[in-house]
Structure formats: structure tokens, C-alpha cells
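Me: Could you take me through some of the labels used for this structure, and show for each one how the value leads to the name?

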Amino acid sequence: MVLFIDPNTEPQLVYKFFQDIDADSNNSINYFEIKQIFDKIDLEKDSPFYVDEQNIKDKQDSRIEDPYQTVLQKIQNIKQMNDKNQINVENAIKNFSNYQPYINLYNLIEMIKSFGININNAEIHEIEKIFGYGQIDINTVMVQFLGLRNPLFDPNEKHDSQKQKISDIPVNPLEQEITDKLKIQDNEMDIEKEKEEQNFLNQSKIKIKQDIQKIQQNQFQNNPNQFQFNFDSYYQIDQMIPGIENFLNIFNFSIANSHHFVDDSFPPCPNSICNDQNDLKFYKTRDKYYWKEPKNIFKGQIYIFQKKQTSLVQSRVGIGEYISPRDIKQGNLGDCYFLSCLSSMAEKPERILKLFITKIYNKFGVYCVKLCHNGKLKAITVDDKFPCHNKYSGPAFSKANGNELWVLLLEKAYAKMYGSYSRIEGGYSQEAYFDLTGAPAYSVHTQNFKTGKHNEKIYDELVYALNFNQFLVNAATSHDITSQISKQIGLIGGHAYSILNVFMVEHPKLGQTFLVKLRNPWGKNDGIFYMKLFDFQSYFSSIQICCYHDDYIRKDIELLSHRKKGTYLFFDIKKEGLYYVTLTQQSKRNLPKKSNYKYSNTQLLLAKMLPDHTFRFYEASQKTEQNNTISSHLTEGRYYIYAKTEWKHKEQDNMVVGVYGPEEVQIMQIEKAFIQDMVEESIKNWASQQGKLSPIKGYPYINGAKHFDMKKGFGYLYMVNKSNHIFKDTITMSQLSGLKARKPFRNNVFKTCLMPNQEVIIVFKVDPLGYSYQLKEQYQIQN
């Protein structure tokens, strides 16, 4: 048999290849013999004959009918090698656990590989089932690999009716007695540990619940009239978000000491107005603001949510009588993008209410709201001192429609989150929507900037967002609108508006006419007006859509990311539905305006592991923005994420990966070694899904495809050999720009050798700004 070897192929892969092929032969080949061959023979890198490493793995996987049985056999092989003193398992366990009482799964796999035994994806999955993913007690590993009975499986457990159990391996009576004792001790320790953890969790929940009840009772005593409507039925507190414990400590301290809270982390001082000397508009005037409490601003009873007169909310009932878009009035701060988001959210007032942890005015001046900062949901605590122009005026920035605080509190919490009021001036609604809700948001241009033609898909986008999903939608006017045009048409340039509806009417003269219903946060009365869709696209530059679902839950994980390395994660889905996966880097608002901070390019890929341990491609995306989001309809199963941020300013920094969907999920980071070729296998599945294979000229049974996608960030060269011959291919890509092949292919010349019914894929990273190349191929067929 002739074997063409890639010089990058690991010796143990070749050894395993021979093992599988010659399994029934008496002439077995030794791993160390293979290693000697690799050591003695100098394999030239420009050799024309190769077997791709993936082909060898595919050959192995095709011969493994039951990965669970192969794991059992390999454990048995390790025991036999240890008995023959060929290896020392005990010392190896100590070394790979760094002499700690625990060893993680990654080091366990590396230990097995150090014995000259290869482990594929399917076998890693089975080992994870046997040992678990977290820390593994080294005594358990000793029992497994030194031949004692396995204490991890219940004797009555049925892993599979056709599978042999580790417990079926013969053991002597002494080993059996030791194993049984270990099993009893482990079970007792596990039960006791679970009880302690559950008791601690229950006590924490009880304490938080009691603290919240105490706050509510105290607020009721101060303002009994505010409970004309039961707000609690519209709110469910997230007890685990960062910052909630800090709020409870502050509030309890204020109650116990009759103390009026002053927030020393965002105090009523000039720095809270502006702390950036380069921001000339606010820095020069920051000392002129006068900070006042609500009792010195309003006359009469003060509320967070005030019940309105019937004439002001004629069409609103229930909570809508307390929270209305008409409550919002913009002041001297250019945050219309933020206030217009609040206006859209107030159309369904329970969406506003969900932001508040404190819902009732209190005499201690302690308030708390829930926001999403750099992708992490947090509880933000603020005091009740607001900037005013002078001792006698009302609030300088956002204003209330009556004696209520909810708009002022949200604006202050948003300013605190980013360091000052001046930091939140100017922006885009999709940014504010994400910060308010944690739900993904995106922008769509109304025109083609190069041609000036209207985007024909705008109407469909609006119908999908507003009529099918009840998403939150805003629009931004063009900065080209001059003051003269503004007087003529009544629109303000560079201003944010809420979009309430889009529909078609039959006009007696114009026929079918498409109308857009909008609200201006600066507008008089309710600020509502209508425009023809054509006029809307002429004066508005973009729309911003927030994919907010009233019953969705966001979970996130913060990770340290290296600019040259991707991060791998997974999560399990039990409830089928539409899910969003978002990668977030820190906002520019965290930094001074002249910091020249630019967002780095990010890559996301989502794939599902199938029962045969291959991967199904779902979606991929790359963006040079704060947030990169992919969405897909997911069914029950385990999903894997590849996330990478190519940091411009640092070697590494923190990024946040969040999942937003109809059920709460747990996101876990995983080492690449456990899912070895997830990206390559997913892209291969993507290539096969596209169905763009075509025969290579002169070789009708050799099909190939190439595709490079700047939006997804990936590309590929893909070939399938459907003939009965060996197909060898040399691909040369010259004048290469904007494309970079992933490992193991790193040069511009790619040499492959395809056996009958085999496939190969070369995966590329595609630059978001574009790419170019020239391609030349040389083929050879061998019978």
C-alpha cells in the first residue's frame, strides 16, 4: 500500500490509520516504529504527493462504528501498557494535574495523547460523558486507568443496550471492595456538597426577596397613594445581575440610618456634567449647573410613575395611564436618539417598567434601574439630585410631564454608566436600544449613498418589524436638512424620531399610497404626524430596528480575547425558537471623544453538533462595529460558537458573548482541542448546503467550488472526488490580497491528494474591505 504523507501530519495519526486498516492482521505496526520513520526520513515540503490530515481522520471516523466502545478499548490498552511498565499512568496523572487533587478534561485528553493514543471528536464527546466537563477527581482517574471498577456509572444504568460497560471488565474481590467504598464516599460527599450549595442559594434568594419586600413596604409607607395600580404584577426582578447587591446594601443602610443617599461614584459635581477637557461645549459651562432634589423642583406629591389625567391618555388603560410617550420632553442635552427610544418603548409601558428595580418615590433618594453596559446586564444605582440651570429653574436636561421622575432617572443612570452627561450627547438609536434592553439592534439605510436611489426593501423591513413582530423602530433624519428646509417641511436635521406604524391606504386621487406614522420627541401635544413613504425616504437617512421580544431572556459571558486567536463556546437548547447570538466590544462612549478609539473587526460563527459528531453550519458574520449579531431558528441540541475580535489597539481585551432567546441558556467556554475542526467542518457543511459544485474541466467526476463572503468573513476552496481514482491537485493563488488560509494551509500553494469518495476544503479568512487573487491549478489522476 502506498501512503502519501503530509509533513504536518502527526505520527500518532499515521499509527492509528495503520491500526484501523490492519485491525485483523497479525502484522501489527508499532507506534514507535512510525515515529522512527518520521525522525529518519526528511519529507520535502514541495513533495507533490500528499494525504491531507483531515482525510486520515475521515478514514478513522468512517471505521469507528461505536466511539464509546473504542474509548473503553483504549482505556483497557492504557491499563495493559501500564501493567507491562511501558508507561506510568500514576506519574502521568500527577504531572498533568500539576500535583493537584483535580485534573480538567483538556489535560486528561492531552495525557491520553501522550501515551501515543489519538482521540477523535466523537471519542472526546464520550469521554466527556464518562468523566464530566469540569474538574475531575484524580482518584476517579486512577480507578479508571489502573483497572479498578468504574465508580461513575450506576450498575443499573443502561448507556446503550448494545454497548459494553466499563463495569463489565473483570475485577478481583479486593478491587471490588475498594471501588464500592470509594463509590459510597463519593456519593455521600456529592450529596452533602449539593445540599450545602442549594442551602446557600436558597438563603441568598430568601435574603434578597426579604430585602425587596422591605423596600416595597418602606416605599408604601412613604407614598401609599402610588399603589392605586399594582406595579409589581408587571415586574420580575433579575436577582443575579451585577450591582443588585450594592443597591440593596445602600438602601438598607439608608433606612437604618435615616440617611439621604448621595452617590459618591457619580456625585452632584462638575465632573458628572463633563470630565473631558476636549469637550468644549460642556467643559466650559459645567460649573454653572445647580443640583437639586425633586422636592425642590416639583410642587406637591412626587412620583416615579404618575397617573395622568384622562384627557391626556384617552386611549390608554392600566399601566398606560402611568407611563406614556407624552411623558418625555427633551432638554438642553442632545440625546434625542436616547429619548426617542424611550418614547417607542413607552408605547407598551410594561417595557419601561421592566427597566426599574425601584418603582416608587422614596425619601432616601435611592433608585435603581437595569441597563446593558458593554453587553453585560447591570443594576445601576443613582441618587435623586438632578442638574438644573439655576436655583429656581427645573431640570436642565430631560424634563418630566408632571411631577414624575422616570425619564430623569433613566437619563441619569445612562449618564452614570458612561461617566458623564456630556458622554451621552449624540448617537444612534440602535446603540441606545441595545443599552436599554440587551436586545440586538441594527440599522438600515433608506437610500443608496452612491446612486441616491431609494431602498426598495424599506417597506418590507418596516412591515416585518412593526406588524409581524412589534419590534422597536426609530428613524434618523439626514444632516443635509438646512434650517430653511426645516421651516418648510417641519423636520429637524440630524434628529431621531420614533416610527409607530406603516400601512397602505387607497387615496381617491393618488391610488395606493404607503404611509409612515412617526412621533417627534420634541413635538407639541403627542408629536405624532404622517408622511408618504417616498417623502420619508427622501428626508430620513436610516431606520433603526431593535429585535425586542417581551418574553425573551438574555444571558452573557465576559471573556478575555486575544487578537490572533479565536474563542470557542457552547450552549444547549431545550426550547425551540428564534435565538440571537451577539459579540460585543466596549462602547466608544467609555472613552474621551478624542481618544481615536475605533471598533475592531469581529467574527462570529454558529454551528450545531449532530448525532454523528459532525457540525451543521447555521450562520456566520463579521462586522467592524460594537455589536456583531447572528440570528437563527434553533431546535433542541448543543450549539457551538466561534468568536474572534481582531483588536486594533491591544493584543488582548475583554469581549462579551450573549444569547438572547425564549429560554435562559448557560454559555460555557471550551478548549479548541475538544472540538478540533469545528470551523472547518462547519464551513464544509456550508459549502455542501450551497450546492454550487461543478465538475472540474476534463474531470467529470471531480467536483469543486470556491466562494468568498466578506459579510460572513469566511471563504473556501472545496473539492469532492466521486471517481474511483486518486486525484492530486496543486492550487497556486498568486497576487493574494485580503484572503488568508486557515491552518493547516498557510502558504499560497496548496497541495492535496484525494482518495476515491473523499473531500477536502481549504478555509479562508476574508477581509471585510475586499480581496483579490489569481488562481492556477494543476491536476493529476492516479489509478
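Reply: What follows sets several labels for this predicted model against their cut-offs.

Me: Why is the contact between E347 and R519 called a salt bridge?

Reply: The closest N and O atoms of E347 and R519 are 2.3 Å apart, and because the rule asks for a side-chain nitrogen of Lys or Arg within 4 Å of a carboxyl oxygen of Asp or Glu, the pair qualifies as a salt bridge. It links distant parts of the chain, with E347 in the loop between α13 and α14 and R519 in strand β12, 172 residues apart.

Me: What makes R519 buried or exposed?

Reply: R519 has a relative accessible area of 6%, and since buried means under 20%, R519 is buried; E347, at 32%, is partly exposed.

Me: How do you know whether E293 and K295 form a salt bridge?

Reply: Their closest N and O atoms are 3.9 Å apart, which is within the 4 Å limit, so the pair counts.

Me: Why are β15 and β20 said to stand at the edges of their sheet?

Reply: The open sheet runs in the order β15-β22-β17-β20 with antiparallel pairing; β15 and β20 each have a single partner strand, so one side of each is left without a neighbour in the sheet. The pairing of β15 with β22 extends over 10 bridges.

Terms used:
Residues numbered from 1 in each chain as written. Predicted model: local features only at pLDDT ≥ 70, side-chain atom pairs only at ≥ 80, totals over all residues. Heavy atoms only, no water. Pairing = 2+ DSSP bridges. Helix = DSSP H or I, 4+ residues; strand = E, 2+ residues; numbered from the N terminus. Buried < 20%, exposed > 50% of the residue type's maximum accessible area, 1.4 Å probe, protein only.
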